[in-house]
Amino acid sequence: MKIIKLIPFLSCIFLLNVASTCSKDDSSSSSNNQTQVTTTVTSGTWKITLYNDSGTVKTSNFTGYNFTFGANNSLTASNSTNNYTGTWSVTDSNSNDDSLSDLDFNIIFASPANFQDLSDDWDIISRTDTKIQLIDVSGGNGGTDYLTFEKN
C-alpha cells in the first residue's frame, strides 16, 4: 500500500527532471545554431543573389557588391567605387524550439536608401556553408521580403 502512494510522488519528480533537461538542451542547441551561423558568415565575402521586396525583385540594386561580415559585428558592402558600412548580428528570438527560425539575422545600414532596405531583423530560412536564405514578414504592410546571400 505504501508503494502505491509513492508512485505519484516519484512520477512528479521524474517529470520535473525531464522538463529541466529538455530546457537545457533547447538553449544549448539554439546557442550552437547561433555559433554556426556566425562562423559561416564571418568566413569570406558574400554577394546578394536575391532581394525580393514584397513581390518586387530588387536584386540588381546590389549587383557587384561584396559583403563582409566582420567578427566585431561590422558589415561592409563594397564594389569598385563605393564602400558602405553597417552592422550585423545574430540574436536568439527566444522561441521555445531549437530551430534556425529562432534566430534573428540583424542588418543595419544608415545609407544609402537601397541599403537601408536591407536593415531589418531577418528570420533564417536555411543556412549552408555557402548560402543563407532569410525572410522578413513586415508588421506594417504585411508584405514578405526575401534575402539570399551566397558566398563568393
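Two salt bridges are present in the structure, which is a predicted model. In general, side chains of opposite charge can pair when their charged atoms come close. In one of the two, the side chains of Asp53 and Lys58 meet with a nitrogen-to-oxygen distance of 3.0 Å. Asp53 has a relative accessibility of 18% and therefore counts as buried, the cut-off being under 20%. Lys58, at 25% relative accessibility, counts as partly exposed. The other salt bridge links Arg127 with Asp129, and here the closest N and O atoms lie 3.7 Å apart. Arg127 is partly exposed, its relative accessible area being 22%, whereas Asp129, with a relative accessible area of 54%, is exposed.

Asp53 belongs to strand E1, which spans residues 46-53. Strand E1 runs antiparallel to strand E9 (residues 144-151), to which it is joined by seven bridges. Within this pairing, Asn52 stands opposite Tyr146 of E9. Strand E1 is also joined to strand E2 (residues 56-57), again in the antiparallel sense, by two bridges. Asn52 takes part here as well, with Val57 as its bridge partner in E2. Strands E1 and E2 form a hairpin in which two residues lie between them. Ser54, located in the turn of this hairpin, has a positive phi of about 50°.

A further set of pairings involves strand E6. Strand E5 (residues 83-92) pairs with E6 in the antiparallel sense over seven bridges, and Val90 stands opposite Phe105 of E6. Strand E6 likewise pairs in the antiparallel sense with strand E7 (residues 120-127), in this case over four bridges. In that pairing, Ile107 stands opposite Asp120 of E7. Arg127, which contributes to the salt bridge with Asp129, falls within the residue range of E7.

The largest nonpolar core comprises 25 residues. The members that touch the most other members are Phe67, Phe69, Phe105, Ile107, Leu118, Leu147 and Phe149. Strand E6, covering residues 103-109, gives the most to this core, with four residues. Six of the seven residues of E6 are buried, so this strand is largely enclosed by the rest of the structure.

Definitions and conventions. Residues are numbered from 1 along each chain as its sequence is written. This is a predicted model: local features need pLDDT of at least 70, side-chain atom pairs count only at pLDDT 80 or more; totals for chains, interfaces and linings use all residues. Side-chain values use heavy atoms; hydrogens and water are left out. A nonpolar core is a set of buried Ala, Val, Leu, Ile, Met, Phe, Trp, Tyr and Cys residues joined through side-chain atoms within 4.5 Å. Buried means under 20% relative accessible area, exposed over 50%, partly exposed in between (1.4 Å probe, protein chains only). Two strands pair if DSSP finds at least two bridges between them. A salt bridge is a side-chain nitrogen of Lys or Arg within 4 Å of a carboxyl oxygen of Asp or Glu.
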